[in-house]
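Colleague: I have a chain open here and would like to talk it through. Can you walk me over the fold and the packing?

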Amino acid sequence: MPSLLEVQTLIEKRQLRWTAGENEIGQLIAHRSFTGLGLAPSPRPRAKVAPTAIAQAAGSAIQLPKKHDWRTTSFGSFVTPVRHQLHCGSCVAFAVVAAMESALLIKESAIGDASLDLSEAHLFYCGTGSSCDKGWTYPKAFKRARKPGVGLESGFPYNPDSPACIEIPAVARVSASDNLVTDFERKFALVNVGPVLAGMTVYEDFGWYTGGLYTPSTSTSLGGHAVCVVGYDDDEGAWIVKNSWGTSWGEAGYARIAYGTSGIDIREWHSIRVSEVCTSANPARLHGGSCVRRADLRAEDIVAALARAQQPEVV
């Protein structure tokens with residue numbers, strides 16, 4: 001595994017646009033003791049009889065904004081704090097929960113609410129049977145998140161040293177998911193639905209990443225990794241990803257991945273819709289107020305977004 005100095009030398013030699021620095025993840029990878037990946041290959045999705053609403057919308061001739069970031073919208077942030085999966089291959093659960101939390105904030109217009117915290121442990125340990133060493137797939141995570149759903153972190157705190165399942169009341173569910181095949185579909189979903197899910201290939205230099213536009217400086221991969229994509233920037237040529245390696249890694253837990261690198265453009269992408277579970281166990285909305293049942297995003301809502309996408313971005 002390359003040392004920090006070796007990676008910094010490669011970055012300078014190849015004139016790459018990112019910086020490498022000392023951090024815990026880089027040290028773990030360098031010492032071959034890193035276990036923070038876990039995206040297992042998914043089966044090839046079956047062809048659908050009818051295109052999804054996103055695919056239908058993406059087929060229209062519209063203009064999307066050159067950049068979009070759910071952390072810095074004109075209304076504020078709709079992204080919850082970065083978490084840390086620690087020494088467990090539970091990245092799929094962390095990515096799915098990150099997208100679910102943002103979907104709920106967007107749905108309820110709960111701008112900047114950092115208190116919303118769903119339980120990755122409930123999704124992962126009750127859905128996989130404690131398979132930190134095997135990882136998970138997005139389809140299996142969606143199935144578990146759809147039924148029975150996901151409870152609150154306070155009911156089942158994440159601890160990779162205590163992975164036994166604890167069934168707690170679900171407060172949110174994934175009500176639907178879509179495969180996103182083209183870059184336009186992915187950007188359209190990001191702008192009009194919310195943060196989406198993606199897979200990427202992690203190379204052995206990625207642990208040292210501290211900022212900038214990441215392009216691998218090394219050719220040896222460590223495996224597949226699940227991330228939540230919160231935005232994109234066409235001017236820079238970057239996908240903006242929320243990782244699950246804590247805030248001391250990367251750009252406060254985020255990374256900008258260059259288009260066409262790290263396998264991110266060829267691995268699977270998904271958008272999700274989320275609904276709250278209104279029961280006696282969840283009498284109040286997750287971030288305060290009354291629990292209300294709201295209709296999920298419908299096809300006509302996405303089609304209506306076509307007009308909005310053509311409007312100039314509010315600054």
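Modeller: One term to start with: contact means heavy atoms within 4.5 Å. This is a predicted model. Among contacts in the protein chain between residues at least 6 apart in sequence, 75% join residues at least 24 apart.

Colleague: How many helices and strands does the protein chain have?

Modeller: Eight helices and nine strands.

Colleague: And what share of the residues is buried?

Modeller: Of the 315 residues in the protein chain, 55% are buried. The accessible surface is about 13,900 Å², with 53% of that belonging to carbon and sulfur atoms.

Colleague: Which residues touch the most other members in the largest nonpolar core?

Modeller: V92, V96, M100, L118 and Y138, in a core of 46 residues. Helix α4 (91-107) is one of the elements that give two or more residues to this core, and α4 gives the most, with 13 residues.

Colleague: What is V92 in contact with, leaving aside its neighbours within four places in sequence?

Modeller: G38, L39, W136, T137, Y138, A141 and A226. Another core, of 36 residues, lies apart from the largest one; F188, A198, V227 and W245 are among its members.

Colleague: Changing topic, strand β8. Is it mostly covered or mostly open?

Modeller: Mostly covered: four of the five residues in β8 (residues 254-258) are buried.

Colleague: Which way do β5 and β7 run against β8?

Modeller: β5 (residues 209-214) runs parallel to β8, joined by two bridges, with Y214 partnering I257. β7 (residues 238-242) runs antiparallel to β8, joined by five bridges, and A238 stands opposite A258.

Notes
Residues numbered from 1 in each chain as written. Predicted model: local features only at pLDDT ≥ 70, side-chain atom pairs only at ≥ 80, totals over all residues. Heavy atoms only, no water. Buried < 20%, exposed > 50% of the residue type's maximum accessible area, 1.4 Å probe, protein only. Areas by Shrake-Rupley, 256 points an atom, 1.4 Å probe, with all protein chains shown as cover. Pairing = 2+ DSSP bridges. Core = buried A, V, L, I, M, F, W, Y, C linked by side-chain atoms within 4.5 Å.
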